[in-house]
Amino acid sequence: QVQLIESGGGLVQAGDSLTLSCAVSGLTFSFYAMGWFRQAPGKGQEFVASSKVSTSYADSVKGRFTISRDNAKNTVYLRMNSLKPEDTAVYYCAAASQLLLTRATQVNYWGKGTLVTVSS
């Protein structure tokens with residue numbers, strides 16, 4: 001059974017930093033592109049970042065967020081710096097059997113999400 005379990009969400013102030021983690025089990029982690037998507041209240045799901053051979057970022061987070069992965073620990077991270085109120089969303093970890101992950105339709109497995117709230 002494949003499991004993606006996110007952690008690290010919470011309430012922070014604008015300008016603060018936060019690191020999300022996603023622990024993965026039940027699949028060959030190194031074979032998968034791992035990514036993060038988010039969904040803000042009342043909005044659709046949005047690609048944030050992904051990593052396999054290379055990394056990819058949404059323009060809205062480029063330069064502020066960093067995705068990394070530890071294949072030995074089957075864990076993917078999202079370091080978020082200079083957080084803004086518009087970063088408030090539920091953040092979802094995702095796994096895709098793709099070389100490059102940028103779309104939700106590519107995702108094979110999802111986590112249940114972790115809420116990040118950024119106050120102004």
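Predicted model: local features only at pLDDT ≥ 70, side-chain atom pairs only at ≥ 80, totals over all residues.
Two strands count as paired when DSSP finds at least two bridges between them.

Strands of a sheet pair through backbone hydrogen bonds, in either a parallel or an antiparallel manner. Here 4 strands form an open sheet in the order β1-β3-β8-β7, and the pairing is antiparallel. The edges of this sheet are β1, with residues 3-7, and β7, with residues 65-70, each of which pairs on one side only. On average, neighbouring strands of the sheet are turned by 15 degrees against each other, if direction is ignored.

A disulfide is a covalent bond between the sulfur atoms of two cysteines. The model contains 1 disulfide, formed by Cys 22 and Cys 93, whose sulfur atoms lie 2.1 Å apart and thus meet the cut-off of within 2.5 Å. The pair links distant parts of the chain, for Cys 22 sits in strand β3 (residues 18-25) and Cys 93 in strand β9 (residues 89-96), with the two cysteines 71 residues apart. Both Cys 22 and Cys 93 are buried. The torsion about the S-S bond of Cys 22 and Cys 93 is about -85 degrees, and therefore the disulfide is left-handed.

Key. Residues numbered from 1 in each chain as written. Heavy atoms only, no water. Buried < 20%, exposed > 50% of the residue type's maximum accessible area, 1.4 Å probe, protein only. Axes fitted to C-alpha atoms, helices over the stretch in contact; angles between N-to-C directions.
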